[in-house]
Amino acid sequence: MQDTRFHAMNKAITDGLVLRPTPFSAGLSLWSSGDGTPGSTSYDGAANAAFVAADQDFGGCLELIKTANTQRLRYMVQTPFQPGMYLQLTVRLKVVSGALPGARVSCLPINAGGSVVPGLPWVTDSVAFSSYGEVLTLRAIIGSGARQGVDLVWGTAPVAAHVGIDLTGANGGVVRIDDFVVEDVTDVFHRKLMPWVDVRDHGALGDGTTNDLSAFAAADAVAVAAGQSVLISAGVYRLNGNFTFSAPVMFEGTIVMPAANRLALTRNFDLESYAAAFGSETEGLKRGLQALFHFSDHVSFDLNGRSVNVTEPIPVAENAGVAGASFVQRRVLDNGQLVAVAGPAWAPGVVTSQATYATSSPYQLSGVANVANIEVGALVTGTGVARETYVRSKNVAAGTVELSLPPGAQGGTRTYTFTRFRYLLDFSGFGRLDRFEMTNVEFLCNSTASAIMLPPSGITTRIHGCSFDRPKDRAITSIGTGCQGLMVDECNFLSSEMPVAVQDRSSVGINVNANDVKIRDNRAVRFRHFVVIHGSGHMFVGNHWFQGDGAQPGVRTAGVVMTGINVKTLFTGNYVDNSFLELTNEREPDPDWNNQFSFGGITITGNIFTTIGAMSSFAWIVVTPRGSGHYLQGVSITGNTFRTMSGNIDRAEKVDTTWADLNYTRFRNVTVHGNNFNGVTAGCYNPVTVRHDQNSAASAWTVEAGTNLAFGGHARVVTGVVPGGPVLQGATQRYDMPWVQTEQGSSKQNVLVRWPVAVTGTVWVTVRADNPV
């Protein structure tokens, strides 16, 4: 059966190349005693050369008398040579009389211009004859790559060869030489026929030292032209520069290159290929992320579902060599697991320094001692500092620190602590990063590392289907406005503090400083806070977060902390478990109300609120004013279910008056109705409809709206008084229209219903704590 593999690799067959020299019987005009190039002397008519028609070993052959110290025999027609092609020259010869010489293969490399290529090996070692009549076979292989068995390694410069032999040693011997045989033996160097181009065939050495960049470029160009792949065969290949493969690549060997240089695998842009290229999944991840930000045809870096051990934080911008740069094109990291491996690299950096905060410059600390050692991205803590305040930038020369948000109202000079957590993926080195996405990635933090630090500026970062497993301090941190338009969907957040009592926890799932964030369909377990969020225009839809512990009755913390005043935010279809929603203005440099919007702009609809074993003072919706004069405006709480699983609580909502109380005379457009209460002593309503039975005749009936008014509001407006039966003056029914006086009693939660005369009866009174207009 015909060997089709050999034929596929044999250029004489596939490309019609003429490799075999003409036989000596056709004449000696094409055989040179010089170097074989045009114009060199031929053996035609030479006194020391003749054709012998019938030799007992060779049949027709050339008989040559050695008259020169190096007697050359070169074929004057160029034999084609191509990168990736391996030619074998075979010559048989014998000495019939005279001195016994030596013999060697001697071939001349020729470039595309017809000139000799300098610096390449031409000859093999000489072999000596030991006796007359002994048939000696000279055999040598010419090839472009440095492979075992290749005698003359020529690289990619030659396009042809003048093949031949040299007779060396003593003169005077008579030597008979059989016809030359030149064969394509490329298939010998391949384990099996495959549609690839080997970089070694184009001159790559793979010795870990030589720069193989040009050989890679040549192999890639050939592979693209032929519609084939590039094979990086066994070895270590140094590339001292950036390189882009336009063809698919297979790796048996590995690549080393300077950290500043980039490798782009445009046809297999995934972790598996980069890990194979660099011999390490960790280095492969870094190099893949590096390429992601340098080549516009790369949109998504696929982790191939693989787990990558990460021994130190990955500063993504610095790793990519783009620190301070801005990117606005969509990029995606997808489908894998990053595992934090414990080690000293994850230890947080902690600096304690004195600094001055002036409420007139709310985003800056000045006169910062030791500012050079404070790291960008550090959490700022200290007396009076609002939760989740971070260092966005610093100016060492000026001694100032720029903050992510105002830290609050407490100015002056005092001591702050700056704690820099360590993150698996740290994007803080970018100037701006828009439209970056992470999908289906598990951040296995192992209580060792935090997960993601967002860039200081950017828009529409998307985190979808990810798992945050035991982040040591934070899952997703924003140190500036890189959270603008952030989307976190269908993610799972598992705290590293699950066995820790609620009041002793410090971990936070997400913090937000900017606007228009969507938090949807996530699950979060036992953080101190699931989300600490500033700005407005947010949506919380379909999430479940729970933060309880085994203590009964136990302390509970806020699941979501909203630090803006008028938040323009909706909560719909969430499961709020053993935690509460907190509205606070703890960030305001001047927390007193000053004609701005006040607490509100929030819609809380169709949620499940539950708690197990909380203290009776617990409430699921808490307003915490830090300054005087604030009130509620534009609050809608409808269609929710509030339920305790063991033990009653006083109410579902409340005002935390630790720092200040609300101005209950200014409530406006507050709607609380259609909610269900189980295990709650006092339900909350606005408006609230109260039945009043007046059994003793009086012209002024005191109707108590009581604690059922939402947020302990005042009875400010009565929108309806309807008799529940006859209103009687003695036995006589009266049809008078009563009038009302609101905000009565010490709590101002009572209403006086006044009649023209003393009467008895029943009325239904609808009372509001707000001005609905």
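**Cysteines and packing**

Reply: The sulfur of Cys483 has its closest cysteine sulfur in Cys491, at 16 Å, which is too far for a bond. This is a predicted model, and a search of the whole structure finds 0 disulfides. A disulfide is a covalent bond between the sulfur atoms of two cysteines. For a pair to be counted here, the two sulfur atoms must lie within 2.5 Å, so the 16 Å between Cys483 and Cys491 rules that pair out. Cys483 is buried, with a relative accessible area of 0%. Cys107 is buried as well, and its relative accessible area is 0%.

Leaving aside neighbours within four places in sequence, Phe468 is in contact with Cys491, Asn492, Phe493 and Leu494, with Ala475 and Ile476, and with Phe443, Ala451, Ile452 and Ile463. Phe468 belongs to the largest nonpolar core, which has 142 residues. Within that core, Phe443, Phe468 and Phe493 touch the most other members. The largest share of this core comes from strand S71 (residues 750–768), with 7 residues. Apart from this core lies another, of 36 residues, including Leu17, Phe24, Val95 and Ala161.

Helix packing can be followed at H4 and H5. Helix H4 covers residues 271–278 and helix H5 residues 281–292; their axes come within 7 Å and cross at roughly 115 degrees. The crossing is right-handed. On the H4 side, the contact is made by Leu271, Tyr274, Ala275 and Phe278. H5 contributes Glu281, Glu283, Gly284, Leu285, Arg287, Gly288 and Ala291. By type, the residues of this contact divide into 6 nonpolar, 2 polar and 3 charged.

H4 is largely enclosed by the rest of the structure, because 6 of its 8 residues are buried. The buried ones are Leu271, Ser273, Tyr274, Ala275, Ala277 and Phe278. H5 is one of the elements that cover the buried residues of H4. The cover also includes strands S21 (249–251), S22 (254–256) and S23 (263–265), together with S24 (300–302) and S25 (307–310). Just after H4, Gly279 takes a positive phi of about 70 degrees.

Methods
Residues are numbered from 1 along each chain as its sequence is written. This is a predicted model: local features need pLDDT of at least 70, side-chain atom pairs count only at pLDDT 80 or more; totals for chains, interfaces and linings use all residues. Side-chain values use heavy atoms; hydrogens and water are left out. A nonpolar core is a set of buried Ala, Val, Leu, Ile, Met, Phe, Trp, Tyr and Cys residues joined through side-chain atoms within 4.5 Å. Buried means under 20% relative accessible area, exposed over 50%, partly exposed in between (1.4 Å probe, protein chains only). Helices (H or I, at least four residues) and strands (E, at least two) are DSSP runs, numbered from the N terminus. Contact means heavy atoms within 4.5 Å. Axes are lines fitted to C-alpha atoms, for helices over the stretch in contact, and angles run from 0 to 180 degrees between N-to-C directions. A crossing is left-handed if the near helix is turned anticlockwise from the far one by less than a right angle, and right-handed if clockwise. Ala, Val, Leu, Ile, Met, Phe, Trp, Tyr, Cys and Pro count as nonpolar, Asp, Glu, Lys and Arg as charged, and the others, Gly among them, as polar.
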